[in-house]
Amino acid sequence: MVVPDATPGEELICLKCGYELRGLTSRDCPECGASFDPDHISKHPIPWTMRRELGRFSAYWRTVWLVMAHPKRFCLHIARPVSLADARRFQWVTVGLVMIAAVVVTIVVSMHFDVRGITGNLPSRLWPLERLLSMVPPNSLPIVFNVLLVGFLIPATGMHTYWFHPSVLTIRRQNRALALSYYCCAPLAWASVTACVAVAAYLRRYLPDAWQTGALIAVADTLFIYCQYLLVILLVLWWGLPQLTARRAHVLGPFETLGLALGLPALWLGLAAVVFGAVPAIGFYASLLIHSLF
Ligand SMILES: [Zn+2]
């Protein structure tokens, strides 16, 4: 069982084996021999937990940097209590940032492409999609997509946490590992910024002609292409970071980590199929049913 919250305190356990280290004068774990620095974590807390002192913006981006650029230092935090409530707030802020980017992208896409135009070329077996799209007012398609995306992102940014409380660990370590794992959605913060930069670069073509210099066109078009590569890299990092954290924080062995690496994309695909496939399909058939009644 996992206790829902951990209150930061002075408990200190070995990162590697979970041995109680409080009160020891030696800098080596008596159980497994791993060396530890009792002052490191109290001197370098997770910046997000210091948001009152640092300010929310700074605390958030410092945490993103810590998780992505210094995973080893980040994982040292399993030696002391980690607040699950803080970690969940970090997850919510990250989902919020992705949604801001998604709204920006869908507004631009719906302004410049006729989404319903694609249905004219659909094979006949996909007629339900055509019927579904014809029933939705064109302006509300981006809204429907973004609502479904929220329904996807909230569980998707927490699915890896299933692997972060293996019963072989003590409850105390499970709680810390679970809380730390919620920070693994950090790459999505950069993905949101990258998507917004890509949109800004794409919108270059709508600037007044006088501004369309060769240099601006070259920079904007290059930026647009590289932002797409960067987005793919960040999404791969979103997948890989839970595995790295699980290994660095000694939560999972190699085989369990492989299970996480293979299982997480499978869960994401299943979730996407439910949220973007089954939910609209149920809505479609429910509305057909209601239409047939009146
Ligand atoms: Zn140890």
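**Helix packing and nonpolar core**

Of the contacts with a separation of 6 or more in the protein chain, 70% join residues 24 or more positions apart; a contact requires C-beta atoms, placed from the backbone, within 7 Å. The model is predicted: local features need pLDDT of at least 70, side-chain atom pairs count only at pLDDT 80 or more, and totals for chains, interfaces and linings use all residues. Residues are numbered from 1 along each chain as its sequence is written.

The protein chain holds 11 helices and 0 strands, taken as DSSP runs (helices H or I, at least four residues; strands E, at least two) numbered from the N terminus. Buried residues (20 or more other C-beta atoms within 10 Å of their own) make up 26% of the 294 residues.

Helix H5 (residues 84-112) packs on helix H7 (residues 141-156) at about 155°, with axes 10 Å apart. H5 is therefore roughly antiparallel to H7 (angles over 145 degrees). Among the residues that meet are Val95, Met99 and Val103 of H5 and Phe145, Leu149 and Leu153 of H7. The contact of H5 with H7 comprises 13 nonpolar, 3 polar and no charged residues.

The largest nonpolar core has 54 residues; such a core is a set of buried Ala, Val, Leu, Ile, Met, Phe, Trp, Tyr and Cys residues joined through C-beta atoms within 7 Å. Tyr183 and Ala249 touch the most other members. H5 gives the most to this core, with 7 residues. Not counting residues up to four places away in sequence, Tyr183 touches Thr63, Val67, Ala87 and Phe90.

Definitions and conventions. Axes fitted to C-alpha atoms, helices over the stretch in contact; angles between N-to-C directions. Parallel < 35°, antiparallel > 145°, perpendicular 65-115°, else oblique. Contact = placed C-beta atoms within 7 Å. Nonpolar A, V, L, I, M, F, W, Y, C, P; charged D, E, K, R; others polar. Buried ≥ 20, exposed ≤ 12 C-beta atoms within 10 Å, placed from the backbone.
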